[in-house]
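Have the structure open while you read, and take the points in any order you like.

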Amino acid sequence: MGRITLNKVTKRFGDVEVIPPLDLEIEDGEFVVFVGPSGCGKSTLLRLIAGLEDVSSGRIDIDGSDATSVPPAKRGLAMVFQSYALYPHMSVRKNIAFPMKMAGVPQDEQARRIEGAAKALNLTDYLDRRPGQLSGGQRQRVAIGRAIVREPAAFLFDEPLSNLDAALRVGMRLEISELHKRLATTMVYVTHDQVEAMTMADKIVVLRAGNIEQVGSPLELYRTPRNLFVAGFIGSPRMNLIEGPEAARHEAHTIGVRPEHIAVSGTEGTWKGRIGVSEHLGSDTFFHVHDTGLAETLTVRAGGEVDLHHGDTVYLTPEADKIHRFDRKGLRIA
Amino acid sequence: MATQHSRSAARFMMAPSVVLLLIWMLVPLGLTLWFSFMDYRPQRGTFDCCVGFENYARFVTSSSFQDAVITTLIMVGGILAITVIGGIFLALLLDQPFWGQGVARILVIAPFFVMPTVSALVWKNLIMNPDNGLLAYLWRFFGADPVVWLTDYALFSIVVIVSWMWLPFATLILLTSIQSLDSERLEAAEMDGAGAVARFWYMILPHLARAITIVILIETIFLLAIFAEIFVTTGGAFGTQNLTYLIYQRVIESQNIGLGSAGGIIAVILANIVAIFLMRIVGKNLDA
C-alpha cells in the first residue's frame, strides 16, 4: 500500500516561500514523476514527503493516516538519492542489509531478502565488493537494492539517473520501469529531464516555482498542455510558439505547433521559410527554419531522407487540428 | 612538460636544499651516535673512546629507565585518549549550526597557539596552585581541602595540561573530517532507520577512522618528546620523568654525555618503531 496525499502543504526557508500551498494525490501503485526546471522545488517536495524536511504548514497523509510529524524512518518510504549515498566502508551486502539491521530483521530473513534483491538487480557477483569498486550503474542498483529490501510502501527517487552517462541512463530507465511493473509499488520520481518523465510516468506533475502547473498522464500533457509553460516543457524538440497576426488569425494571443505536426514541402504550403541548420538523425530530420516572419526560428520534423538542404526554401503546413491556442495570460483556449 | 630533461633540471635545483636538510639531520645524529659509544664526562675531563655498549647497558638496566618508559606510555596513552575522545565530542558539537560558530571555532583552536612553557606556567601558577590557584578556590568554596595537584597527582596533572594543548589540534582535524561527510549519506541512514547513536556509530565513526589515525600518528610523535611541561611544573619529580626527561637528566644533571647519548639513540629507535607501526596502520587506512 502506498497512497500519499498532500493537503495544503507549504514550505518556507526563512522568508522565502519555496512551496506555496499545494495539494496532490498519489494513488497506490502509481509511478508519479515530478518534473520541472532546476530550482522549481521538486526535490524539496520529495524531501517533504520523505520527512527529511519539515513542512511549514499543511498535512501529509500516507495510507490514510497523518504522517506530517512522523520521523522519516517510520514513514515506510525508501529513498534513492542522486549521489546514491552508499556507505563506502561497507560491502555491498552490508549496504543492502543496513536498513534491515536497523529494523532488527532476523539474520536468515535478511540473507533471503539480500539474495532476492541481488538476483533481481544482477548484483549477485558483487555482494562482497565495496561501493568504490563498482561502476556508476552498479552503484545505482545497489542503492535501489537497499531500498527494495525494506519492502516500503513507496519508493522515492531523487534524480537517480543524472550521474550516469546517456547510454546507461536509457538502460536504467528501463530497469526502473520494469521494477515498477513487477513490484507494483508506488514510486515518486524527481527529474528535470522531460524525456524520463514522458517515458516512465503514469502521472506527471509539472512544477514551476513550487506551483503545480499541470498534473496528468504523459499523453494528456502532450496533447492538451494547460499553459505555455507546460507546452514548452513537454515534448522534444520544443513546441514552436508563434505570436502576432498569425496567432490573431486563430483568435489567440499565442499559438503553438509541435515540430512533428508541421508538414514540410519544397513546393507548396501555408508558411514559407529558408532552412538554416538541419539535424539528420537517420529516422528523422529536424530543420531549423528561418525568415518565416512568424518567429525567429521554427523547428520542424521531416522524414529521415528528405532532399532539402541548408539555404533551400521550404513551405510549411501546420496540421489544423494540432494547433494549440493560448490567451494573453498564457492559458490554453479550449 | 615533464620531460627527462626538465626532471633532471628539477633534481639539480632541489639538490642544495636536500643536501642541507640531510646535513642538518645527519650531523647531530652522527655526533650522538659517536658520543654514545664513549665515556664522555666533560666535568671530570674524561673523553675516552670506545667503551662499546657499556653506556647502553647502563642506561637500560637502571631502574629509572623502566619507570621512565612506563611513565611515557601512560602519559602518551592518557593524552591520546583524552584528545581523541574529547576531540570527537567537540568536533560533533562545533559541527552543529549555532550563533557565533565562527568565533567559537577560533576560540577552540586558540590553546594550540600557546607555547608549551607558557601554558604549563599558567596551569601551575594560576589554576593548580594549592594556595591561590583557581581550583583551590573552587575546592575551598565547597569546603574541601585544596588538592596539591602537581605533587599528589603529578602525572595526571601533566596529562591534563598537555591534553589542553592538543585537544584543539585533534578537534580541528576531526571537525574538517566530519564536515567532509556527505550529508546525503546521513540522510540515507536516517531513512534506513538509524537513530542518532546508530548514525554516529555506523556512519560518522567509520568516516572519521582515517582522521583519527592521523591524529594519533602526529600526536604520538610529538608526545613522545614532551619536555617543557615537565621541566616547568615538577622538574621530573613525583613519577613524571619520561624518557626525554631522563635523557636530559643524564646529560645535564649527571653530566654524563655518553650515557645521555646512548639514551637518545634508544629513544630514536623506540620512536621509529612506533612510527613504522603507525605508518602501516595509516597506510592500510589510506588504501581502503
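What share of the contacts in chain B with a separation of 6 or more comes from residues 24 or more positions apart? The figure is 69%, where a contact means that the C-beta atoms of two residues, placed from the backbone, lie within 7 Å.

Before the points, some housekeeping. This is a predicted model, with local features needing pLDDT of at least 70 and side-chain atom pairs counting only at pLDDT 80 or more, while totals for chains, interfaces and linings use all residues. Residues are numbered from 1 along each chain as its sequence is written, and chains are lettered from A and ligands numbered from 1 in the order in which they are written.

1. Chain B overall. You'll find 13 helices and two strands here; helices (H or I, at least four residues) and strands (E, at least two) are DSSP runs, numbered from the N terminus. The radius of gyration is 24 Å, well over the 19 Å that the globule rule gives for 288 residues, so chain B is more spread out than a compact globule. That radius is taken over C-alpha atoms, and the rule is 2.2 Å times the number of residues to the power 0.38. The C-alpha atoms fill a box of roughly 75 × 75 × 30 Å along the principal axes.

2. Helix H3 of chain B. Residues 63-95 make a helix of 33 residues that reaches 48 Å from first C-alpha to last, close to the 48 Å expected at 1.5 Å a residue. The expected span is 1.5 Å times one less than the number of residues. Its buried residues include Thr72(B), Met75(B), Val76(B), Ile79(B), Leu80(B) and Thr83(B). An α-helix has 3.6 residues a turn, so residues three or four places apart point the same way. As for partners, the buried residues of H3(B) pack against H8 (154-179), H10 (196-223) and H12 (243-253) of chain B.

3. Chain A overall. This chain has nine helices and 18 strands, in a box of roughly 75 × 45 × 30 Å along the principal axes of its C-alpha atoms. Buried residues make up 39% of its 334. Of its contacts with a separation of 6 or more, 63% come from residues 24 or more positions apart.

4. Two domains in chain A. An automatic or database assignment divides chain A into domain 1 (4-231) and domain 2 (238-326). Their C-alpha centres lie 38 Å apart. Four residues of domain 1 are in contact with six of domain 2. Between the two ranges, have a look at the cis peptide bond joining Ser236(A) and Pro237(A), with omega about -5 degrees. Pro237(A) sits in the loop between H8 (228-233) and E11 (240-243) of chain A.

5. Where the chains meet. Here 15 residues of chain A are in contact with 13 of chain B. On the chain A side, E6 and H2 are the elements giving two or more residues, and H2(A) gives the most, with four. That side has 13 nonpolar residues, two polar and no charged. For this count Ala, Val, Leu, Ile, Met, Phe, Trp, Tyr, Cys and Pro are nonpolar, Asp, Glu, Lys and Arg are charged, and the others, Gly among them, are polar.

6. Helix H4 of chain A. Ser135(A), in the loop between H3 and H4 of chain A, is exposed, with 11 other C-beta atoms within 10 Å.

7. Two backbone angles to check. Asp63(A) has a positive phi of about 50 degrees although it is not a glycine, and it lies in the loop between E4 (57-62) and E5 of chain A. Glu151(A) also has a positive phi of about 50 degrees without being a glycine; its place is the loop between H4 and E7 of chain A.

Methods: A residue is buried if 20 or more other C-beta atoms lie within 10 Å of its own, exposed if 12 or fewer, and partly exposed in between; C-beta atoms are placed from the backbone.
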